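Dear colleague,

Please find below the structure that I am handing over to you. My notes on it come directly after it.

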Amino acid sequence: ARTAARGLATDADDVLVTTGSQQALSLLATALIEPGDTILVENPCYLAALQAFAFAGARVVPVPGDELGMDPAALDELVALHRPKLLYTVPTFQNPTGRTLPAARRAAVAEVAERRGLWIVEDDPYGELRFEGERVPWIATYPGAEGRTVLLGSFSKVMAPGLRLGWLRAPRALLRACAVVKQAADLHTPTVNQLAAARYLADSDLDAHVAKVAGVYRERRDAMLSGLADALPEGSGWLRPEGGMFVWAKLPEGYDTGALLRDVVAHDVAYVPGAPFFAGAPDVSTVRLCFVTQGVEEIAEGLRRLRRAFGG
Ligand SMILES: Cc1ncc(COP(=O)(O)O)c(C=O)c1O
């Protein structure tokens, strides 16, 4: 019902409940990828998706993009060149960059997928955590995409990650293949957890909860954005996410955030170095900063420590 309300008519038979959306990625990798197959990803890309595809023996090719996300023209060229099995994308408040693909590019991605015959895996764990701006419809809703898009959802970011509850919405034949793979993986997602979530959905207002959480996250994002200019070395830049959990920053040339992490941690603060998120040549001057776990005061203190760590 929640999916239908957001533009994709869906009933229970269209959906496979998965043990987190991470399992959906593993199931798809097993169902769709033969060793040596090419798949396309955003650059940078969600790290654990890269791992799932690598374990399946895929050759992972990054699609170039900019601060708005992947470039559909570059996608078109790469599909023609590599004949990939699938495109994996997190179009809304992406992990790690926080960026959101605009509607026109979503339509263009859908058009490329239909014309070239490509599966799209649209992973959307963060989409409901919007603090401002208009919701952008799923790629799956654009002409040509629905029959070839697998939409992944999760309760991890809006209800509780420990429940390990996600879902996969796919055309029937692929859904059946994933169900067979899932039987080999874990037979089924724990029914006790599913019943707990169903009870929560029946008794509580998840939308009200998400709105409340998003309000808090918005304050935390703003606290982080307002302190970054002081905390990061001069010449750094960063993206301003309209929702989600992450700010992506780029330090000036010459900074290697992976090499610096040991010194930074000695100041009792940490970040996630950006390099491992790249499928191709890494940009070692990038970092992912999470703004949802700590409160506004802690974020301010963390940024002060970061400033000291960078010698400021
Ligand atoms: C883009 C993306 N996909 C999938 C997941 C996995 O989430 P879960 O398995 O908890 O649903 C995450 C978690 O961080 C994520 O960022």
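The model is predicted, so local features need pLDDT of at least 70 and side-chain atom pairs count only at pLDDT 80 or more, while totals for chains, interfaces and linings use all residues. Residues are numbered from 1 along each chain as its sequence is written, and side-chain values use heavy atoms, with hydrogens and water left out.

**The ligand site**

The shell around the ligand holds 14 residues, of which S21, D123, Y126, S154 and S156 come nearest. A residue is counted as near when one of its heavy atoms lies within 4 Å of the molecule. By class, the shell divides into five nonpolar, six polar and three charged residues. Here Ala, Val, Leu, Ile, Met, Phe, Trp, Tyr, Cys and Pro count as nonpolar, Asp, Glu, Lys and Arg as charged, and the others, Gly among them, as polar. Helix α2 (residues 20-32) supplies the largest share of the shell, three residues. Helices (H or I, at least four residues) and strands (E, at least two) are DSSP runs, numbered from the N terminus.

One is 2.6 Å from an N or O atom in the side chain of Y126. For R164, the distance from a ligand oxygen to a side-chain N or O atom is 2.8 Å. At S21, a polar backbone atom is 2.8 Å from an oxygen atom of the ligand. The protein covers 91% of the 400 Å² of accessible area that the ligand has on its own. Accessible areas come from the Shrake-Rupley method with a 1.4 Å probe; for residues, only the protein chains shown count as cover.

**The four-stranded sheet**

Four strands form an open, antiparallel sheet in the order β10-β11-β13-β12. Strands β10 and β12 (272-273) stand at the edges with a single partner strand each, so one side of each is left without a neighbour in the sheet. Two strands are taken to pair if DSSP finds at least two bridges between them. In general, strands of a sheet pair through backbone hydrogen bonds, either parallel or antiparallel.

Strand β10 (residues 237-238) is joined to β11 by two bridges. In these, G237 has K250 as its bridge partner, and W238 stands opposite A249. On to strand β13 (residues 286-290), β11 is joined by five bridges. There W248 faces R288, and K250 stands opposite T286. Two bridges also pair β12 with β13, where P273 has V287 as its partner.

Both β11 (residues 246-250) and β13 are mostly covered: four of the five residues of β11 are buried, and four of the five of β13 are buried. Buried means under 20% relative accessible area, exposed over 50%, and partly exposed in between (1.4 Å probe, protein chains only).

**Two buried threonines**

T10 is placed in the loop between α1 (2-5) and β1 (15-18). With 19% relative accessibility, T10 counts as buried. A polar atom of the T10 side chain lies 2.7 Å from the backbone oxygen of L8, and a polar contact of 2.8 Å joins the side chains of T10 and R169. A polar contact is a pair of N or O atoms within 3.5 Å; within protein, one must be able to donate a hydrogen and the other to accept it, and residues adjacent in sequence count only if both atoms are side-chain atoms.

T100 sits in the loop between β6 (86-89) and α5 (103-116). T100 is also buried, at 16% relative accessibility. A polar atom of the T100 side chain lies 3.1 Å from the backbone nitrogen of F93.

**The cysteines**

How many disulfides does a search of the whole structure find? It finds zero, a disulfide being a pair of cysteine sulfur atoms within 2.5 Å. For C178, which is in no disulfide, the nearest cysteine sulfur is that of C45, 18 Å away. C178 counts as buried, at 0% relative accessibility. The sulfur of C290 is likewise 18 Å from its closest cysteine sulfur, in C45, which is too far for a bond. C290 counts as partly exposed, at 31% relative accessibility.

With kind regards
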